[in-house]
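This briefing goes through strands, aromatic rings and pockets in turn. Please keep the sequence and the model open while reading.

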Amino acid sequence: MVFPEKFLQISKIKGVAQYIFLDNRGNVAAHDIKDPERASEMVFSSGQNIQAIGRNNFKYAVFSRKNKKSIIIFPIGNYFLGVVKQKDTDALALVENILKFLHGCLKKPGSV
């Protein structure tokens with residue numbers, strides 16, 4: 001899977017504080033996050049472990065944090081997307097918006 005530049009628009013979704021995209025080896029493909037090295041390790045290892053357990057059923061995982069800035073991980077082909085949500089954003093509403101966004105990015109031209 002070639003990394004589409006339109007994925008970088010993820011930061012414009014209301015409720016997204018920061019994001020990181022990782023390839024299938026844990027390398028940072030793109031990010032808007034304060035500590036990409038630390039975040040990449042956490043997102044990659046969590047994503048791989050959840051994917052091993054959930055197989056094809058892994059759509060996303062939410063890690064709630066005391067500071068209310070949950071981390072949400074999505075598998076995208078051979079990539080993982082990690083999103084830090086803004087403090088006052090509903091996690092499930094953000095998940096729905098991100099899934100819609102990703103579906104739009106991955107939709108092939110000419111398909112319905």
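This is a predicted model: local features need pLDDT of at least 70, side-chain atom pairs count only at pLDDT 80 or more; totals for chains, interfaces and linings use all residues.

Residues are numbered from 1 along each chain as its sequence is written, and side-chain values use heavy atoms, with hydrogens and water left out.

**Strands and hairpins**

- Helices (H or I, at least four residues) and strands (E, at least two) are DSSP runs, numbered from the N terminus.
- Two strands count as paired if DSSP finds at least two bridges between them.
- β1 pairs with strand β2 (residues 28-31) in the antiparallel sense over 3 bridges, and Val28 in β2 is the bridge partner of Leu22.
- The hairpin formed by β1 and β2 has 5 residues between the strands, and Gly26 in its turn has a positive phi of about 90°.
- β1 also pairs with β5 in the antiparallel sense, over 6 bridges; here Val16 stands opposite Lys85 of β5.
- β5 pairs with β4 as well, again antiparallel and over 6 bridges, with Gly82 in β5 as the bridge partner of Ile73.
- In the hairpin of β4 and β5, 2 residues lie between the strands, and Gly77 takes a positive phi near 60°.
- β5 is mostly covered, with 7 of its 7 residues buried (buried means under 20% relative accessible area, exposed over 50%, partly exposed in between, with a 1.4 Å probe and protein chains only).
- Both faces of β5 are covered: Tyr79, Leu81, Val83 and Lys85 are buried on one side, and Phe80, Gly82 and Val84 on the other.

**Aromatic pairs**

- A pair of aromatic rings is described by the distance of the centres and the angle of the planes.
- Rings of Phe, Tyr and Trp (its six-membered ring) pair if their centres lie within 6.5 Å; planes under 30 degrees apart count as stacked, over 60 as edge-to-face and the rest as tilted.
- By this rule the model has 3 aromatic pairs.
- One of them joins Tyr19 and Phe21 edge-to-face, at 5.8 Å centre to centre with 65° between the planes.
- Tyr19 is buried, with a relative accessible area of 6%, and Phe21 is buried at 0%.
- The rings of Tyr60 and Phe74 have centres 6.2 Å apart and planes at 40°, so this pair is tilted.
- Tyr60 lies in the loop between α1 and β3 and Phe74 in strand β4, so the pair ties together parts 14 residues apart in sequence.
- Tyr60 is partly exposed, with a relative accessible area of 32%, whereas Phe74 is buried at 1%.

- Where does Phe63 lie? Phe63 belongs to strand β3 (residues 61-63).
- Phe63 is partly exposed, at 32% relative accessible area.
- Not counting residues up to four places away in sequence, Phe63 touches Ser46, Ile50, Ser70, Ile71 and Ile73 (contact means heavy atoms within 4.5 Å).
- Ser46 is found in helix α1 and is buried, with a relative accessible area of 15%.
- Leaving aside neighbours within four places in sequence, Ser46 is in contact with Phe63 and Ile73.
- The C-alpha atoms of Phe63 and Gln86, 23 residues apart along the chain, are separated by 13 Å.

**Pockets**

- On a 1 Å grid over the protein atoms alone, a pocket is an open set of points with protein on both sides within 12 Å along at least five of seven lines, and lining residues have an atom within 4 Å of a point.
- Grid points are joined across faces, edges and corners, and a volume is the space filled by probe spheres (1.4 Å probe) set on the points.
- About 330 Å³ of space lies in the largest pocket.
- Its lining has 17 residues, of which Ile33, Ala39, Arg65, Ile71 and Val84 lie nearest the centre.
- The elements giving two or more residues to this lining are β1 (16-22), α1 (36-54) and β5 (79-85), and α1 gives the most, with 4 residues.
- The lining of the largest pocket divides into 9 nonpolar, 3 polar and 5 charged residues.
- In this count Ala, Val, Leu, Ile, Met, Phe, Trp, Tyr, Cys and Pro are nonpolar, Asp, Glu, Lys and Arg are charged, and the others, Gly among them, are polar.
- The second largest pocket holds about 230 Å³ of space.
- The second largest pocket is lined by 13 residues, with Phe58, Lys59, Pro75, Ile76 and Gly77 nearest its centre.
- β4 (71-76) and α2 (91-106) are the elements that give two or more residues to the lining of the second largest pocket, and α2 gives the most, with 4 residues.
- That lining divides into 7 nonpolar, 4 polar and 2 charged residues.
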